[in-house]
Amino acid sequence: MAETTPPTPPPTPPDVRSEIAGGGSEPDPGAPIAPDQIDPDLVKLSRTRPKIGVITAAGIVFLCSVFLLRLGPDRRFAGKGSEPQPATVADVLAGKVDTDKLVVITAEPLVSHAIRTTTSKGSLGLRIVPVRGSGDRLWIAVSGDGWEAPAVAGYAGRLRKLEDLAFAPATQDHAAEHPRRGFAEWTPDQHRAKQHAMWAKREPRTITCRVCGTEFQSTGMRAAFCSRRCQRTTERKPGAGVQPDGG
Ligand SMILES: [Zn+2]
């Protein structure tokens, strides 16, 4: 008798086996999802909670307070009226006008002394122009475009301290580097000292008296007579006045 071996079951094809394995509730990872089903992997996606420590919180508080201070002038300006208040140059220089206020000033800008300031090449930027008679203490920022319509009704704008402005350092450096020439504004004392020095070194010149012909020395610009007596002679004659600068 031949020993019979039990017949081995025919090997199942691989595609069939996988079908059996995948028949459970858990599909293979990466298995295609039917269009009307929800991909469980996407639903499970979650972010790790950001760690906000004491340092981060303190940093945000610090930034808030920095901006609160930096934006303070803007907040004050926004809180004030929208109608420009007339102000004079003298009042502004005397500190009688609040900063961060909308003012309109009738002033004469020394446009030839303007300093051009810009944040980028190719843009016209602004012209910072000193106001005549303000001793370079009051400046007007006008458009960099020279073809702008002239401000015939005065210059309206927000009054600010120069050092608070972004262009202040650059403008001051430029002004220091390039001293501007213009009208010298002398004080009365300077004028007096200059006159004194001029007369002190003035040489006497020889003048011939207009009445008697005597020659005499004088530093005067209009000296014409040798003496008070000769001068009186002309005064007595009707119609004969002293000729100014006749010497
Ligand atoms: Zn004389």
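Biologist: In the hairpin of strand 7 and strand 8, which residue takes a positive phi?

Modeller: Happy to start there, keeping in mind that this is a predicted model. Strand 7 (residues 205-208) and strand 8 (residues 215-218) pair in the antiparallel sense, with four bridges between them. The hairpin has six residues between its strands, and the residue there with a positive phi, near 80°, is Gly213.

Biologist: Staying with that pair, what is the bridge partner of Ile207 in strand 8?

Modeller: The two strands run antiparallel, and Arg205 stands opposite Ser218 of strand 8. For Ile207, the bridge partner in strand 8 is Phe216.

Biologist: Thanks! How confident is the model overall, and what is the mean pLDDT of the protein?

Modeller: A pLDDT of 70 or more is reached by 82% of the residues. One stretch to treat with care is residues 16-23, where pLDDT stays under 50 and the model has three contacts beyond four places in sequence. Where pLDDT is low, the predicted coordinates should not be read in detail. For the protein, the mean pLDDT is 78.

Biologist: How many helices and strands does the protein have, and what share of its residues is buried?

Modeller: By secondary structure, the protein has eight helices and eight strands. Among contacts with a separation of 6 or more, 36% join residues 24 or more positions apart. Of the 247 residues, the buried share is 8%.

Biologist: How many bridges join strand 4 to strand 5?

Modeller: Strand 4 covers residues 126-130 and runs antiparallel to strand 5. One of the pairings is that of Arg127, whose bridge partner in strand 5 is Val142. The number of bridges joining strand 4 to strand 5 is five.

Biologist: Which elements give two or more residues to the largest nonpolar core?

Modeller: The largest nonpolar core has 13 residues, and those with the most contacts inside it are Ile128, Val129, Val131, Trp139, Ile140 and Ala141. Beyond four places in sequence, Ala141 is in contact with Leu126 and Ile128. The elements giving two or more residues to the core are strand 2, strand 4 and strand 5.

Biologist: Is Trp139 buried or exposed?

Modeller: Trp139 is found in strand 5. Leaving aside neighbours within four places in sequence, its contacts are Ile128, Val129, Pro130, Val131 and Leu162. Because 23 other C-beta atoms lie within 10 Å, and 20 or more is the cut-off, Trp139 counts as buried.

Biologist: What distance separates the C-alpha atoms of Leu126 and Gly144?

Modeller: Leu126 is found in strand 4, and it counts as buried because it has 21 C-beta neighbours inside 10 Å. Beyond four places in sequence, Leu126 is in contact with Thr117, Ala141, Val142, Ser143 and Gly144. Although Leu126 and Gly144 are 18 residues apart along the chain, their C-alpha atoms are separated by 4.2 Å.

Biologist: One last point: of the 13 residues of helix 7, how many are buried?

Modeller: Helix 7 (residues 188-200) reaches 18 Å from its first C-alpha to its last, close to the 18 Å expected at 1.5 Å a residue. Helix 7 lies largely in the open, because the number of its residues that are buried is zero.

Terms used: Residues are numbered from 1 along each chain as its sequence is written. This is a predicted model: local features need pLDDT of at least 70, side-chain atom pairs count only at pLDDT 80 or more; totals for chains, interfaces and linings use all residues. The expected span of a helix is 1.5 Å times one less than its number of residues. A residue is buried if 20 or more other C-beta atoms lie within 10 Å of its own, exposed if 12 or fewer, and partly exposed in between; C-beta atoms are placed from the backbone. Two strands pair if DSSP finds at least two bridges between them. A nonpolar core is a set of buried Ala, Val, Leu, Ile, Met, Phe, Trp, Tyr and Cys residues joined through C-beta atoms within 7 Å. Two residues are in contact if their C-beta atoms, placed from the backbone, lie within 7 Å. pLDDT is the predictor's confidence in each residue, from 0 to 100.
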